[in-house]
Amino acid sequence: MIQFKLAIKDILKKPMTAVLFMLQIFVSLFFLFAAARELLFSFHGLDAIKKLEANDSIYFQTGSTSHLNYSQENEDFLQKLMDSEKKAYSILTSVRFEGLENTPVVMGVGAFDEVFNLEKYNKVRTDSTDSTIWIGSKVKSVHVGDVLQYGTVKKEKSIIEGRLPANSTYILREAMMSLDESIVILTSKQKMNELHSYYYMDELMRNSVLFDVNSDEIAEYILRMNQQGTTLSPISFNQQLHEHYGSLYKNAILLTAFYLITSLFVFVSLTINTIQLIEQNLQEYAVHLLYGARLESIFQRIMVYLLGMIIPPISLALSVLFLMGSGLAYVYWGIGFCMIIPLVISLIGLSRLKSSNIIYVARERA
Amino acid sequence: MFHLIETIALHKKFTSGKNIIIAVEDVSLTFDKGTSTAITGPSGCGKTTLINMIGLLVPPSSGELLINSTSFSTINSRERTKYRNQFFGYIVQNFALVDHYNVYENVEIPLLYANPALNKKERRNRVQSVLQKVGILEKVKEKVSTLSGGQKQRVAIARALVNNPEVILADEPTGSLDTETSKEIFLLLKSLVEEGKTLIMVTHNPELAQGCEREIKMIDGNLLI
């Protein structure tokens, strides 16, 4: 308790220094966390891009859409491709839940989960007659455990299973999209037919992506979709990669560099400033050691002192980011910072004190 | 015969790069309760190292230190800290006061680590009593940075006495004081010996040394016989 009081006194001893120090940490950490957030988002997207690239994915430019003409044979073909062989997926974004018209919905059909690393969230993988509903990390209009009713020709109720990790992404044609603010339905083609019949079929065809397919399979797909009433022109993802995704790589590299520089700046300035603050108190610590304090007591005091200096700006930086809609992951980052930095720096301060002649420090700095 | 403190062939060497410096060489001494001893000698002769070894601030390289007939060669750091807090009272060269503390806060430091712990009221009574004794009670709330050299030394003495130690270790207690103030401070220290405290003092001042019951002269880490 005495060390706690002394540490608080240390902070209040030079209030202006404390405020400036806290301000510096706040600004640095805010930029650090913000850069990390952007970086994670980029990396999530790049993961998906790599997967699409590795699988030689094909997406389609839609030409004219004539009178839609669905056949069971073609439906079976699509179902086989998406559900059984997992060689295709599609994305529907026009679906909305009643009463939640302002909350975007992303329906991932077929191998969507596999491509965007959402397999573990998908019950459909074990039962293709099922659907799974998740929500993005920032969705506030509905909550985990809520029951949603959906379906066009047949209604079904499903419980929201949980939240996806922050920065979950998917790629729709040339754009990297976030799932953070969407309700996400992972479903199979079979289930989609059961609930929506041919509604949304046009969008399903327009947004379909094939992968691990040969040219014959692509030709067959185009032919069958043409028979359904949609003209599709294939576009190789890999051919478009540099044109459309080059900027993503570039951004990710720039962000990484920015993140590393910011991290370095934060760590160096934090360490230097903290050591300076400890140095200012070193004579006092030495006097306490001389008159009965143990090194453990001084360690406690430095820890409390540093926590007192670091916790307020970290909390503020996290609160601002949280209000801006970042996920809870940053709280853990913040807690990590709160614990690791003071611990490391306290040990540096303590080793400095341990290696010094305390009599010398006590008398020469007085 | 029982001695309060006994050093047996105390030896201390320091290493500086490839050089080995022998600061104290095989010093054997005894100190009895209620006596005053001055350790004198030229700068760098090992006086301060010797007093720091006796005060458990610096471990000897070899030799033995007995306090109340107990060997301190193998004692743990907790026990050493306890002795530093309660058995010894240090008066450090240049006062070693914490400038931004007031007189009360400086004198209170040893009490914060006293075992058993003291409550605030007990600490206040002890601080006030010792400040009265050294004649500086009226300055209790003043920042030490505003005090004169003599007043600072009185505060340092009060801090050394506040836990009622058996032994007072004083390193150049009058080193930065004028002649008149030096005499006052020495008289204060002598009065403590008369009360039964043991005084071991490092000094360059021959007058102060002569005022002690015993003078030990050192040169190049050795006792001058």
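Chain B puts 26 residues into its contact with chain A, and chain A puts in 24. Contact here means heavy atoms within 4.5 Å. This is a predicted model, in which local features need pLDDT of at least 70, side-chain atom pairs count only at pLDDT 80 or more, and totals for chains, interfaces and linings use all residues. Residues are numbered from 1 along each chain as its sequence is written, chains are lettered from A and ligands numbered from 1 in the order in which they are written, and side-chain values use heavy atoms, with hydrogens and water left out.

- The size of an interface is often given as the accessible area lost when the parts come together.
- Between chain B and chain A, about 2200 Å² is buried (accessible area, 1.4 Å probe, that two parts lose on being put together, summed over both).
- Carbon and sulfur atoms give 57% of that area.
- The two chains share 12 residue pairs in polar contact, both residues at pLDDT 80 or more.
- A polar contact is a pair of N or O atoms within 3.5 Å; within protein, one must be able to donate a hydrogen and the other to accept it, and residues adjacent in sequence count only if both atoms are side-chain atoms.
- On chain B, helices H1 (47-54), H2 (77-86) and H3 (103-112) each supply at least two residues of the side that touches chain A.
- H2(B) gives the most to that side, with five residues.
- Helices are DSSP runs (H or I, at least four residues) and strands are too (E, at least two), numbered from the N terminus.

**Salt bridges**

- A salt bridge is a side-chain nitrogen of Lys or Arg within 4 Å of a carboxyl oxygen of Asp or Glu.
- Over all chains, the count is 16.
- One salt bridge joins chain B and chain A: Glu105(B) meets Lys9(A), at 3.0 Å from N to O.
- Within chain A, Lys154(A) pairs with Glu194(A), with the closest N and O atoms 2.7 Å apart.
- Lys154(A) sits in the loop between strands S5 (147-150) and S6 (156-163), while Glu194(A) lies in helix H5 (residues 189-196), 40 residues apart.
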